[in-house]
Amino acid sequence: MIPAFWQPEHLHVMLNHLPVTLSIIVGPILIAGLIARSHAVLAVAFSLGLLAGAVTPFVMQTGERAYDRFNAGQIQPPLDDRGDIAMEMHEEMAEKAAPFLYLTGVSCLAGLIFLRLRPDWVRGSAYVVLLISLAAAVLTLRSALLGGQIRHPEFRPAIDESPEHIRND
């Protein structure tokens, strides 16, 4: 018997914070490094972006396995209708965000290589990483917000109980 701590859904909830948080903080650190003209600060930003890209396959894999377990009825209690919709939307958004996270990781690896071998290319690569990581941050944040709605009704938008066509004014 596998302890609950190691189930895909628990691992996903633990790991998913890394790409979200890292993609959000890479940009400000890059900007600080560009303003200060500090290769050390740029190296930190590139390293964090590389970590965001590197952890993404694990987050995606655990999320996919958790999704399969939900659909197989192995996770109790089952989701309500709105939670199920949120799960589908979360998965779609995560699939849109993942390529940007991978691209962030690859471009950050290039930035680290440029720091060592081609310092004159570092500034340009930092701007490229800044744009890619901004897109990754927006998409991962949206995915995270949808993910929170899966099991947390308090995070879901309110439903208008009396639509316009039914109201009695």
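**Notebook: a predicted chain of helices**

I began with Ser143, which lies in helix α5; a helix here is a DSSP run of H or I with at least four residues, a strand is a run of E with at least two, and both are numbered from the N terminus. I noted that this is a predicted model, in which local features need pLDDT of at least 70 and side-chain atom pairs count only at pLDDT 80 or more, while totals for chains, interfaces and linings use all residues. I also noted that residues are numbered from 1 along each chain as its sequence is written, and that side-chain values use heavy atoms, with hydrogens and water left out.

**Entry 1**

Is Ser143 buried or exposed? I found a relative accessibility of 6%, so Ser143 counts as buried, where buried means under 20% relative accessible area, exposed means over 50%, and partly exposed is in between (1.4 Å probe, protein chains only). Not counting residues up to four places away in sequence, Ser143 touches His90, Met93 and Ala94, a contact being heavy atoms within 4.5 Å.

I then turned to Ser107, which is found in helix α4 and is buried, with a relative accessible area of 12%. When I left aside its neighbours within four places in sequence, Ser107 was in contact with Val129 and Ile132.

**Entry 2: the whole chain**

I counted five helices and zero strands in the chain, and reading along the sequence gave me the pattern α-α-α-α-α. The radius of gyration of the chain is 20 Å, whereas a compact globule of 169 residues would have one near 15 Å; the radius is taken over C-alpha atoms, and the globule rule is 2.2 Å times the number of residues to the power 0.38. Along the principal axes, the C-alpha atoms fill a box of roughly 65 × 55 × 20 Å.

Of the 169 residues, 38% count as buried. Among the contacts in the chain with a separation of 6 or more, 77% come from residues 24 or more positions apart.

**Entry 3: the nonpolar cores**

I looked up the largest nonpolar core, which has 12 residues, including Val26, Leu42, Phe46, Leu115 and Val129; such a core is a set of buried Ala, Val, Leu, Ile, Met, Phe, Trp, Tyr and Cys residues joined through side-chain atoms within 4.5 Å. Two or more residues of this core come from each of α2 (17–36), α3 (39–71), α4 (81–117) and α5 (122–151). The largest share, four residues, comes from α5. Apart from this core lies another, of seven residues, among them Tyr67, Ile75, Leu79 and Ile150.

I wrote beside this that, in soluble globular proteins, nonpolar side chains tend to be buried together.

**Entry 4: Leu115 and Ala43**

What does Leu115 contact, leaving aside its neighbours within four places in sequence? I listed His39, Leu42, Ala43, Phe46 and Val122.

Ala43 is found in helix α3 and is partly exposed, with a relative accessible area of 23%. With neighbours within four places in sequence left aside, Ala43 is in contact with Leu112 and Leu115. The C-alpha atoms of Ala43 and Gly111 are separated by 7.9 Å, although the two are 68 residues apart along the chain.

**Entry 5: Arg37**

Last, I looked at Arg37, which is found in the loop between α2 and α3. Arg37 has a positive phi of about 55° although it is not a glycine, and at 64% relative accessibility Arg37 counts as exposed.
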